[in-house]
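Let's take a friendly walk through this model, with the sequence and coordinates at hand.

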Amino acid sequence: MTQAVLSISTSGPGLYEFTDRAQAFLRDAGAGEGLLTVFVRHTSCSLLIQENADPDVQRDLNAFFRRLVPPSNDPSMGWIVHTTEGPDDMPAHIKAALTQVSIGIPVANGRALLGTWQGIYLFEHRDRPHRREVVLHLSS
């Protein structure tokens with residue numbers, strides 16, 4: 001078993017693709033067949049496998065999640081208690097709970113078996129920049 005920790009810098013809400021870095025990890029590990037587990041070590045961001053061809057997909061996803069879970073200072077979010085870390089914090093936790101913090105991806109011939117238009121993304125839910133850690137673990 002092989003693993004690595006990627007550091008991904010974010011500049012605010014949005015999707016940050018790191019497919020190339022995951023593929024490089026598999027190549028460097030000499031992967032054949034197995035399972036790549038991708039895990040993010042934070043509670044206010046998440047992981048997605050999503051289309052990487054049309055940037056409108058990312059814009060629409062961001063807009064959807066902003067509408068689904070607005071900041072805690074929005075009148076519709078008056079029920080939120082956890083506000084000490086800012087109006088984006090508890091909504092970020094909710095968005096992470098609705099998505100995923102771990103993804104399993106099959107590997108064959110040393111490559112992640114992603115579809116033609118699929119990419120691996122860190123989905124940042126906080127407003128300010130962060131440095132996120134993503135663990136890549138290869139099981140063969």
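Which backbone nitrogen lies 2.7 Å from a polar atom of the side chain of Thr-19? That nitrogen belongs to Ile-120, and the pair is a polar contact, meaning N or O atoms within 3.5 Å, where within protein one must be able to donate a hydrogen and the other to accept it, and residues adjacent in sequence count only if both atoms are side-chain atoms.

A word on the ground rules: this is a predicted model, in which local features need pLDDT of at least 70 and side-chain atom pairs count only at pLDDT 80 or more, while totals for chains, interfaces and linings use all residues. Residues are numbered from 1 along each chain as its sequence is written, and side-chain values use heavy atoms, with hydrogens and water left out.

Thr-19 sits in helix α1, residues 19-28 (helices are DSSP runs of H or I with at least four residues, strands runs of E with at least two, numbered from the N terminus). Thr-19 counts as buried because its relative accessibility is 7% (buried means under 20% relative accessible area, with a 1.4 Å probe and protein chains only). Other buried residues of α1 include Ala-22 and Phe-25. Beyond neighbours within four places in sequence, Thr-19 is in contact with Leu-114, Gly-119 and Ile-120 (contact means heavy atoms within 4.5 Å). Just after α1, Gly-30 has a positive phi of about 65°.

Now turn to Arg-126, in the loop between β7 (118-124) and β8 (130-139). Arg-126 counts as buried because its relative accessibility is 3%. A polar atom of its side chain lies 3.0 Å from the backbone oxygen of Glu-85. Leaving out residues up to four places away in sequence, Arg-126 touches several residues, among them Asp-88, Asp-89 and Arg-132.

Terms used:
Buried < 20%, exposed > 50% of the residue type's maximum accessible area, 1.4 Å probe, protein only.
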